[in-house]
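Hi,

Here is the structure I said I would pass on.

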Amino acid sequence: MNAREVILERVAASAGESPVLTREYRRRGRLAPPERVALFCERVDEYRAEVRRVEDVAGAVEDVCRAHAVRRLAVPAGLPAEWRPAGVELVEDSGLTPGELDQLDGVLTGSTLAIAETGTIALTAGPREGRRALTLVPDFHVCVVEESRIVELVPEAVAQLGELVARDRRPVTLVSGPSATSDIELSRVEGVHGPRRLVVLVA
Amino acid sequence: MRAPAESFPAAARHELENAQLRANLRNATETIRDKRGRVVAELPDWEELRDAGRAIKADVLAHLDRYLVQFESAVKAAGGHVHWALDGAEANAVVAEVARAHGVREVVKVKSLTTDETELNQALAAEGIHAIETDFAELILQLDGDWSSHILVPAIHRNRTEIRDLFARTIAPGIASDDPRELAEAARLYLREKFLTARVGVSGANFGVAETGTVCVVESEGNGRMCTTLPPVLVTVLGIEKLVPSFADLEVFLQLLPRSSTGERMNPYTSLWTGVTEGDGPQELHVVLLDNGRTRVLRDEVGRQALHCIRCSACLNVCPVYSRTGGHAYGSVYPGPIGAILTPQLLGIERAPSLPFASSLCGACYEVCPVKIDIPRVLLHLRAEAVRAKPSRRERAAMRLVGWTFESARRFALAQRAGRILQRPLVRAGVLSSWTRTRDLKPAPRESFRDWWRRERA
């Protein structure tokens with residue numbers, strides 16, 4: 001017998017009855033949209049990410065880039081034209097190598113959805129988000145979150161993401177603030193390997 | 001998996017002499033405990049989430065054969081390869097074979113308790129392949145030949161000056177500052193080049209979804225994203241108990257885990273991948289399903305709940321024993337209360353018989369466990385097993401005598417009277433005083449309650 005057969009035989013011998021599973025936790029949020037958006041902004045801010053509520057995305061990106069001395073931004077090919085800032089060099093990702101991505105000042109993308117209660121952004125490699133490496137290697141990430149895509153609770157987000165995974169096998173990355181470590185004497189340092197600065201534009 | 005080199009009481013004695021360790025541990029366990037308390041109190045439905053977490057895990061164990069086959073076919077359908085390993089050596093051999101097939105001498109690795117358990121790094125080194133630990137704390141331990149003392153913050157027993165000196169000797173010659181920010185920057189620079197050029201990545205996993213074949217890694221630094229995204233080849237070693245039935249079940253664990261573990265509402269990064277995505281991430285994916293003692297744990301109806309564990313480490317931070325001795329005293333990659341029930345079961349009780357006794361049975365671990373593992377109950381169960389495995393004739397004779405005494409009121413009254421006289425050797429230096437060294441033995445009162453009752457009411 002090979003390892004597969006041995007393991008399956010052993011686990012089958014221990015099979016039993018399933019307990020009753022009741023999902024009595026909250027699966028539907030209760031907040032009205034304006035409160036939901038406000039909660040999301042508050043929670044993102046607590047992760048020490050920069051969060052701004054904006055009307056004009058392109059203009060806001062330009063401001064942010066100026067403030068952070070960012071000149072060259074990677075963008076996914078499907079980024080909406082009205083989000084593309086003037087005055088910043090945009091490099092469209094068409095299979096840039098990790099080394100090339102590392103040379104850029106930052107990246108500008110959209111997002112699939114966001115979770116208010118945890119201040120989380122979900123990226124699923126859609127046309128406006130680009131592949132995973134794009135939002136990982138550059139040290140500065142400007143991410144646009146549309147108000148209409150903010151849900152209140154984790155279960156509401158997982159339900160939507162589950163559909164994308166089941167249908168298209170999309171890779172999913174959940175981002176909650178910039179990368180961080182507390183490994184030395186529990187003292188928190190923001191920014192290790194992922195983007196050290198995260199700017200969230202809520203539009 | 002290696003058995004502890006010495007018994008828990010012996011190992012704990014050395015650890016307790018280390019003042020730095022005790023100060024660091026106190027600070028770490030108290031800080032994380034407070035943070036956890038705050039973010040758990042924030043959720044009105046925490047208990048309902050715990051109930052669901054426990055039920056989902058129990059369901060997985062009850063039908064593990066079905067879920068494993070379902071997971072295997074989902075991963076294959078999504079373009080991944082699935083391997084099965086009975087023990088650590090078989091799992092390590094799969095990783096080594098993948099590395100050899102691609103002709104690499106170096107792999108980048110995400111922090112993973114499962115591969116610590118299989119001693120993957122040593123196995124790869126024997127094949128001439130260097131596994132680079134990319135989690136900050138794991139890198140520190142690897143550079144110094146040290147090992148983990150806490151599931152979440154493995155290098156918590158080291159201070160910043162020690163780490164600065166270590167980096168100056170190894171990856172960052174000339175580094176002068178011991179500011180954690182500068183030290184993290186040194187690690188970033190050293191690892192960045194490794195990430196950008198690595199051809200094979202190795203990871204463990206927090207969850208595997210049977211329904212979709214999705215693998216989930218939860219982390220903070222971004223090294224997990226690097227290792228699972230940039231190298232063209234990825235091997236994931238997954239304990240068979242890490243499955244969850246459906247993608248929707250993640251809605252429970254992605255709330256329970258970060259709040260219990262780091263005390264955050266959500267950890268900075270969670271990566272979920274479902275097979276190979278064209279033009280995005282690794283184009284060759286392997287998953288190794290590991291037994292290594294898990295099916296042995298599964299056979300024990302009381303002990304199997306240890307396999308519910310999602311490795312959050314909340315039980316370590318509240319444990320009065322762990323927070324004083326630290327993780328090294330447990331002699332295992334799984335320290336603390338969960339280690340005290342998991343290690344002896346994975347290895348067999350005869351190879352770690354002292355661990356179930358490394359507890360005061362106060363029950364704090366059960367209260368914080370996000371998947372409601374009744375650790376005190378399993379500890380008691382394993383204590384009985386340990387005694388059955390290696391009975392002490394003297395202890396058994398003593399227990400029989402006690403039983404005989406308690407059976408009759410007359411014998412009991414006589415024993416009480418005798419006890420008042422015979423207690424002397426226990427409180428004075430002598431053979432029996434070792435039993436009272438770590439316990440406070442209250443002297444028996446001059447008059448027992450029964451004697452008093454008789455005198456007053458007769």
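**What I found**

Let's start with a loop: A:P127 sits between β6 (120–123) and β7 (140–145) of chain A. (Helices, H or I with at least four residues, and strands, E with at least two, are DSSP runs numbered from the N terminus.)

Before going on, some housekeeping: this is a predicted model, where local features need pLDDT of at least 70, side-chain atom pairs count only at pLDDT 80 or more, and totals for chains, interfaces and linings use all residues. Residues are numbered from 1 along each chain as its sequence is written, while chains are lettered from A and ligands numbered from 1 in the order in which they are written.

Back to A:P127, which is exposed, with 11 other C-beta atoms within 10 Å. (On that count 20 or more means buried, 12 or fewer exposed, and in between partly exposed, with C-beta atoms placed from the backbone.) Setting aside neighbours within four places in sequence, A:P127 is in contact (C-beta atoms within 7 Å) with A:P76, A:A77 and A:G78. From A:P127 to A:C143 is 16 residues in sequence and 14 Å in space, C-alpha to C-alpha.

Now for the two chains together. Here 61 residues of chain A are in contact with 72 residues of chain B. On the chain A side, α1(A) gives the largest share, eight residues. That side has 31 nonpolar, 17 polar and 13 charged residues, where Ala, Val, Leu, Ile, Met, Phe, Trp, Tyr, Cys and Pro count as nonpolar, Asp, Glu, Lys and Arg as charged, and the others, Gly among them, as polar.

β9(A) pairs with strand β9 (residues 269–273) of chain B in the antiparallel sense over four bridges; strands pair if DSSP finds at least two bridges between them. In β9(B), B:L272 stands opposite A:V172. The whole open sheet has eight strands with mixed pairing, in the order β8(A)-β5(A)-β6(A)-β9(A)-β9(B)-β6(B)-β5(B)-β8(B). At its edges are β8 (150–151) of chain A and β8 (243–244) of chain B, each with a single partner strand, so one side of each has no neighbour in the sheet.

Last, the largest nonpolar core has 186 residues, and A:V200 and B:C315 have the most contacts inside it. (Such a core is a set of buried Ala, Val, Leu, Ile, Met, Phe, Trp, Tyr and Cys residues joined through C-beta atoms within 7 Å.) Its largest share, seven residues, comes from helix α3 (residues 46–62) of chain B.

Cheers

Note on methods: Two residues are in contact if their C-beta atoms, placed from the backbone, lie within 7 Å.
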